[in-house]
Amino acid sequence: MLGKFGGHAGRALCAGDVIHLLGAGATQPERRLPAGLTPVYARHWEIGILYGPHTAPEFFTAGDIEMLFSTEWRVHYQSDRTGVRLVGPKPEWARKDGGEAGLHPSNIHDNAYAIGSIDFTGDMPILLGPDGPSWADSSALR
């Protein structure tokens, strides 16, 4: 969506849109996955985390890292394929500001981002999704 390509008629789906999957009057036999292949989506997920280049002690305190691992985060209602915003406690931060990158301690100079990275925008962690920033969005790599 951020790239303004694809979608329904070149835009996001809106209430009342109709998507025609088959021609008029055409039928498709019902297909189902075997029960063992059907994913189960639980209400609570546990995910693994690998340390990236911007962790403790330069950016986060040891307490921040412990808080990240021990908190039961909630998904913010403004989440989408760009990023899953997480609601929970704020980091203490290991530095007072972003130095040359700006006022907030979460600010860093442009950086490459991988799908699944945790990006802090201010005090809110965001799990970056497939439509989020990528290495191409980093001016340092253009």
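The model is predicted, so local features need pLDDT of at least 70, side-chain atom pairs count only at pLDDT 80 or more, and totals for chains, interfaces and linings use all residues. Residues are numbered from 1 along each chain as its sequence is written, and side-chain values use heavy atoms, with hydrogens and water left out.

The chain holds 1 helix and 4 strands. Helices (H or I, at least four residues) and strands (E, at least two) are DSSP runs, numbered from the N terminus. Along the sequence the pattern reads α-β-β-β-β. Of the 142 residues in the chain, 18% are buried. Buried means under 20% relative accessible area, exposed over 50%, and partly exposed in between (1.4 Å probe, protein chains only). The accessible surface of the chain comes to about 11,200 Å². Carbon and sulfur atoms account for 57% of that surface. Areas come from the Shrake-Rupley method with a 1.4 Å probe; for residues, only the protein chains shown count as cover. Among contacts between residues at least 6 apart in sequence, 45% join residues at least 24 apart. A contact means heavy atoms within 4.5 Å.

Helix 1 spans residues 62-70. Its residues Asp64, Ile65, Met67 and Leu68 are buried. These four cover an arc of only 160 degrees around the axis, which puts them on the same side of helix 1. The arc is that of the directions from the helix axis to the C-beta atoms. Ala62, Glu66 and Ser70 lie on the other side of helix 1 and are exposed. The cover over the buried residues of helix 1 includes strand 3 (118-121).

Strand pairing was examined next. Two strands pair if DSSP finds at least two bridges between them. Strand 1 (residues 74-75) and strand 2 (residues 83-87) are antiparallel and share 2 bridges. Here Arg74 has Val87 of strand 2 as its bridge partner. Strand 2 also pairs with strand 4, again in the antiparallel sense, over 3 bridges. In this pairing Arg85 stands opposite Ile126 of strand 4. Strand 3 and strand 4 (residues 124-128) run antiparallel and are joined by 4 bridges. The bridge partner of Ile118 in strand 4 is Leu127. Strand 3 and strand 4 form a hairpin with 2 residues between the strands. In that hairpin, Gly122 takes a positive phi near 70 degrees. In a regular strand the side chains alternate between the two faces of the sheet.

Aromatic contacts follow. A pair of aromatic rings is described by the distance of the centres and the angle of the planes. Rings of Phe, Tyr and Trp (its six-membered ring) pair if their centres lie within 6.5 Å; planes under 30 degrees apart count as stacked, over 60 as edge-to-face and the rest as tilted. By this rule there are 5 aromatic pairs. One of them is formed by Phe60 and Trp93, with ring centres 4.8 Å apart and planes at 25 degrees, so the pair is stacked. Phe60 lies in the segment before helix 1 and Trp93 in the loop between strand 2 and strand 3, so the pair ties together parts that are 33 residues apart in sequence. Phe60 is buried at 8% relative accessibility. Trp93 is buried as well, with a relative accessible area of 10%. Trp93 also pairs with Phe120: the ring centres are 5.5 Å apart and the planes stand at 85 degrees, so the pair is edge-to-face. This pair links distant parts of the chain, as Phe120 belongs to strand 3 and is 27 residues apart from Trp93. Phe120 counts as buried at 10% relative accessibility. Phe60, Trp93 and Phe120 form one aromatic cluster.

Charged side chains were searched in the whole structure. Side chains of opposite charge can pair when their charged atoms come close. A salt bridge is a side-chain nitrogen of Lys or Arg within 4 Å of a carboxyl oxygen of Asp or Glu. The search finds 2 salt bridges. Arg32 forms one with Glu30, and the closest N and O atoms are 2.7 Å apart. Arg32 is exposed, with a relative accessible area of 71%. Glu30 is exposed at 63%. Arg81 forms a salt bridge with Asp131, where the closest N and O atoms are 3.0 Å apart. Arg81 lies in the loop between strand 1 and strand 2 and Asp131 in the segment after strand 4, so the pair ties together parts that are 50 residues apart in sequence. Asp131 is partly exposed, with a relative accessible area of 26%.
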